Amino acid sequence: MKLWHAAFIVIAIAVGSHGCGGGSTVDLSTEEEEIRRLDRQWQAAVDARDVAAAAAFFAPDAVLMPANGPMIVGREGIEAWFSEWLLVPEISYPFEPDMLEVAASGDLAYDRGIYRFVMDTPEGRTEDVGKYVVVWKKIDGEWRAALDIGNSDLPLAPE
């Protein structure tokens with residue numbers, strides 16, 4: 001009986017240790033490359049003015065904080081915003097991450113980068129340059145943008 005009790009304790013400790021961090025490790029470089037691949041696909045969707053594809057990178061409850069605009073909550077609202085913004089003729093919006101970090105847990109990450117926005121209007125050309133941060137969250141095994149914040153580098157126009 002004592003041998004069975006000792007074996008049970010050893011097995012319980014082994015199983016408990018596995019559940020406390022002794023399990024699989026996250027390959028952070030693989031996760032980072034996946035997010036970089038998603039950034040490239042996201043840029044391609046924006047370049048193609050594909051509203052549904054651009055919005056699909058966001059989590060269902062994501063928050064978008066565009067430069068010079070109000071906060072938008074939820075993928076449906078973000079898609080509506082893209083449908084107005086991306087379908088404006090003669091726009092260009094290249095963005096590129098210059099830094100990306102994945103949490104050791106492998107379920108959160110962020111990338112920081114720069115953007116340049118150009119739009120031709122009847123009144124002339126509008127240009128903006130700035131920086132952004134995207135917080136990525138792994139949901140059901142897929143990376144989704146949970147928070148996207150843009151911030152213009154240009155000074156406010158005088159009134």
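Predicted model: local features only at pLDDT ≥ 70, side-chain atom pairs only at ≥ 80, totals over all residues.
**The whole chain**

Begin by displaying the protein chain as a cartoon. It has four helices and seven strands. Followed from the N terminus, the elements run α-α-α-β-β-α-β-β-β-β-β. Of the 159 residues in the chain, 30% are buried. Among contacts between residues at least 6 apart in sequence, 52% join residues at least 24 apart.

**The largest pocket**

Next, select Pro 66, Ala 67, Tyr 93, Tyr 115 and Asp 128, the lining residues that lie nearest the centre of the largest pocket. The lining comprises 30 residues, and the pocket has a volume of about 550 Å³. Several elements give two or more residues to this lining: helices H2 (28–47) and H4 (75–85), together with strands E1 (58–65), E5 (108–121), E6 (124–139) and E7 (142–152). Select E7 in particular, as this strand gives the most to the lining, with five residues. If the lining is coloured by class, 22 residues are nonpolar, five are polar and three are charged.

**Salt bridges**

Side chains of opposite charge can pair when their charged atoms come close. The count of salt bridges in this model is eight; three of them are visited here.

Select Glu 34 and Arg 37 in helix H2, which are three residues apart, about one turn of the helix. They form a salt bridge whose closest N and O atoms are 2.5 Å apart. Glu 34 is partly exposed, at 24% relative accessible area, and Arg 37 is also partly exposed, at 32%.

Which side chain does Arg 112 meet in a salt bridge? Select Asp 98: the N to O distance between the two is 3.2 Å. Because Arg 112 lies in strand E5 and Asp 98 in strand E4 (residues 95–102), the pair ties together parts that are 14 residues apart in sequence. Arg 112 has a relative accessible area of 41% and is partly exposed; Asp 98, with 48%, is partly exposed as well.

Finally, select Asp 120 and Arg 125. Their salt bridge places the closest N and O atoms 2.8 Å apart.

Methods
Residues numbered from 1 in each chain as written. Heavy atoms only, no water. Buried < 20%, exposed > 50% of the residue type's maximum accessible area, 1.4 Å probe, protein only. Contact = heavy atoms within 4.5 Å. 1 Å grid on protein atoms, 1.4 Å probe; cavity = no way out; pocket = protein on both sides within 12 Å on 5 of 7 lines; lining within 4 Å. Points joined across faces, edges and corners; volume = space filled by probe spheres on them. Nonpolar A, V, L, I, M, F, W, Y, C, P; charged D, E, K, R; others polar. Salt bridge = Lys/Arg side-chain N within 4 Å of Asp/Glu carboxyl O.
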